[in-house]
Amino acid sequence: ETFNFDNLIDIEIMAKLLIGKSLDDGITPRGYRFMNKLNLPEGDVSKIVRTFSSLENIFSAPAEKFDALLKSGDGKTLKEEINHLRDQILSGKFND
């Protein structure tokens, strides 16, 4: 679709142009912002997000999956950090 002045008031067209999806389509957080709050190298964050595809999948992944992805091999510690950060955010105790 081409963009013109009239499209500025059509929120559906704006959504398709900006995010490539309809507003009716669900938007699922992938996990980049969350994972960047942990002390991980950017490459590891990207690898985790690409592998698990969504924040929900990251939350539900067992520590062994992180062991397989990371060179440090410390998936258990990472899983604990993820759970701790998630709990802090959900309880409102996390400040950016």
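## Nonpolar core

A nonpolar core is a set of buried Ala, Val, Leu, Ile, Met, Phe, Trp, Tyr and Cys residues joined through side-chain atoms within 4.5 Å. In this predicted model, the largest such core has 17 residues, and the members that touch the most others are Met-35, Ile-48, Ile-58, Phe-66 and Ile-82. Two or more residues come from each of α2, α3, α4, α5 and α6. The largest contribution is that of α3, which supplies four residues.

Ile-48 has contacts beyond its neighbours within four places in sequence: Met-35, Leu-40, Ile-58, Phe-66, Leu-69, Leu-70 and Leu-78. In soluble globular proteins, nonpolar side chains tend to be buried together.

## Helix α6

Helix α6 covers residues 75-91, 17 residues in total, and its first and last C-alpha atoms are 24 Å apart, close to the expected 24 Å at 1.5 Å a residue. Its buried residues are Gly-75, Leu-78, Lys-79, Ile-82 and Leu-85. Viewed down the axis of α6, these residues fall within an arc of 130°, so they line one face of the helix.

The partners against which the buried residues of α6 pack are α2 (32-35), α3 (42-52), α4 (55-60) and α5 (63-69). Of the buried α6 residues, Ile-82 is also one of the core members with the most contacts to other members, and Leu-78 is in contact with Ile-48.

## Positive phi values

Ser-53 lies in the loop between α3 and α4. Its phi is near 70°, a positive value in a residue other than glycine. Ser-53 is partly exposed, at a relative accessible area of 45%.

Technical notes
Residues are numbered from 1 along each chain as its sequence is written. This is a predicted model: local features need pLDDT of at least 70, side-chain atom pairs count only at pLDDT 80 or more; totals for chains, interfaces and linings use all residues. Side-chain values use heavy atoms; hydrogens and water are left out. The expected span of a helix is 1.5 Å times one less than its number of residues. Buried means under 20% relative accessible area, exposed over 50%, partly exposed in between (1.4 Å probe, protein chains only). The arc is that of the directions from the helix axis to the C-beta atoms. Contact means heavy atoms within 4.5 Å.
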